[in-house]
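Please look over the sequence and the model below before reading on. The text then goes through them part by part.

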Amino acid sequence: MSSTVISGIAALVTNEPSLGDASPLGLVRDAAVVLDGDRVAWVGAAGRAPAADDRVDAAGRAVIPGFVDSHSHLVFAGDRTEEFAARMSGRPYGAGGIRTTVAATRAAGDAALERTLARHLHEALRQGTTTMETKSGYGLTVEDEARALRIAARHTDETTFLGAHVVPPEHADDPAAYVSLVTGPMLDACAPYARWVDVFCEEGAFDGDQARAVLTAGRERGLTPRVHANQLSYGPGVQLAVELDAASADHCTHLTDADVDALAQGSTVATLLPGAEFSTRAAWPDARRLLDAGATVALSTDCNPGSSFTSSMPFCVALAVRDMGMTPDEALWSATAGGAAALRRDDVGRLVPGARADLVLLDAPSHVHLAYRPGVPLAAAVWHRGVRVV
Ligand SMILES: [Zn+2]
């Protein structure tokens, strides 16, 4: 194992208030970080940095923890360019949606699915994402869901069983039978490869009772719940997530005051996915309302070929600042420490001794540039598990 000191950091975000300026970002000015093997060994003022084998000069730029993207759907095949173009042209488009991707995914070979997954993970890594959750949900048969998770588990520890994404066409006449399949044989086949269980709780997908059945069954198999909740309409998803102590309620676009109160009082993280509202031209979730109530907020890409085909956490940070009422500091916290909270991790999303050595050197003097300079590739260098990968 070798050690590296990165010095000359104008502004270091640690996400540990006690290490820095006592703000939630734990900002340290004129800082250094020492990496040893795959861990952070030391952070603090540059003048007091211990010696290391190698030295990197940040030359007055900013360093942040690697982004933690806690919500994506990357095991898929096919393309939905036409659907997007139609939507953006104001033309009506077919109701194909998720089912279009399901058909293409079922028809694809394992190698093609894995190549697509790896390509998008690498694309995200180049933009600074060092932890990425991903889900099944485009197979919707026992074999295809298990296959998706088997492939995903080769690339990330954060795998989510989403057999309850939509009811597939062959079960359209009998959704109850599909829920029985999801909570029975499909869960049995998928649980060995999954950490989380998820359900799309929405009109046209699964109602509150069905969602409860899926999440409860998953929990009995050792998976922890997370929920696609309140994206397109008001509904029971958020309340159910908090009641079942889900790690996160994702989307949270349509919230009643009671939903906001529940999130503020429970331990469930509200994960906002602005790429989805951008790509479907929908109303933004109100991050300000959640933050002012005291809820923990995460930001994530929801990267998927239909409703949010971006792998860029910086883009989501910019949208959250521009349109969702977050300050640049809050948005960065939510994209790093917030994502870690949504995955119940304390070894990523912050730069403290003992944490995983996942960090991004920005081509900017401050993390504020992530929102100030939208669309600009600012990840000058990325370390993942202590190895410089970009
Ligand atoms: Zn999603």
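**Annotated positions and their surroundings**

UniProt lists Tyr138, Asn304 and Gly306 under "binding site", in an unreviewed entry. UniProt positions are given in the numbering used here, feature names are shortened, and annotations may be inferred rather than shown by experiment. These positions spread over 169 residues of sequence, yet they cluster in space, with a largest C-alpha distance of 11.4 Å. The structure is a predicted model, in which local features need pLDDT of at least 70 and side-chain atom pairs count only at pLDDT 80 or more, while totals for chains, interfaces and linings use all residues. Residues are numbered from 1 along each chain as its sequence is written.

Tyrosine 138 is located in the loop between strand 7 and helix 4 (142-153). Helices (H or I, at least four residues) and strands (E, at least two) are DSSP runs, numbered from the N terminus. Tyrosine 138 counts as buried because it has 32 C-beta neighbours inside 10 Å. The cut-offs are 20 or more other C-beta atoms within 10 Å for buried and 12 or fewer for exposed, with partly exposed in between; C-beta atoms are placed from the backbone. Apart from neighbours within four places in sequence, tyrosine 138 is in contact with Val75, Phe76, Thr101, Val102, Thr105 and Ala148. Contact is taken to mean that the C-beta atoms of two residues, placed from the backbone, lie within 7 Å.

Asparagine 304 belongs to the loop between strand 13 and helix 11 (313-323). Asparagine 304 has 26 C-beta neighbours inside 10 Å and therefore counts as buried. Its contacts, leaving aside neighbours within four places in sequence, are with Ser72, His73, Phe76 and Phe309. Glycine 306 is also found in the loop between strand 13 and helix 11. Glycine 306 is buried, since 22 other C-beta atoms lie within 10 Å. Not counting residues up to four places away in sequence, glycine 306 touches Arg80, Glu83, Gly97, Ile98 and Thr101.

UniProt also places the feature "binding site" (unreviewed entry) at Arg80, Tyr138, His165, Gln231 and Ser307. Of these, where does arginine 80 lie? Arginine 80 is in the loop between strand 5 (67-69) and helix 1 (81-88). With 22 other C-beta atoms within 10 Å, arginine 80 is buried. Residues up to four places away in sequence aside, arginine 80 touches Thr100, Thr101, Pro305 and Gly306.

An open sheet of seven strands runs in the order 7-8-9-10-11-12-13, with parallel pairing. Strand 7 (134-135) and strand 13 (297-299) are the edge strands, each pairing on one side only. Helix 12 (residues 328-342) packs on this sheet and touches strand 11 (248-251), strand 12 (269-272) and strand 13; the direction of helix 12 makes about 105 degrees with that of strand 13. Axes are lines fitted to C-alpha atoms, for helices over the stretch in contact, and angles run from 0 to 180 degrees between N-to-C directions. Strand 7 is joined by two bridges to strand 8 (residues 159-164), and the two run parallel. Two strands pair if DSSP finds at least two bridges between them. Lysine 135 has threonine 160 in strand 8 as its bridge partner.

The largest nonpolar core holds 124 residues, among which Ile9, Leu12, Val33, Val63, Val214, Val317 and Ala320 touch the most other members. Helix 12 gives the most to this core, with eight residues. A nonpolar core is a set of buried Ala, Val, Leu, Ile, Met, Phe, Trp, Tyr and Cys residues joined through C-beta atoms within 7 Å. Leucine 12 touches Leu27, Val28, Ala31, Val33, Val43 and Val63, residues up to four places away in sequence not being counted.

For the whole protein chain, the secondary structure comes to 13 helices and 16 strands. Buried residues make up 55% of the 390 residues.
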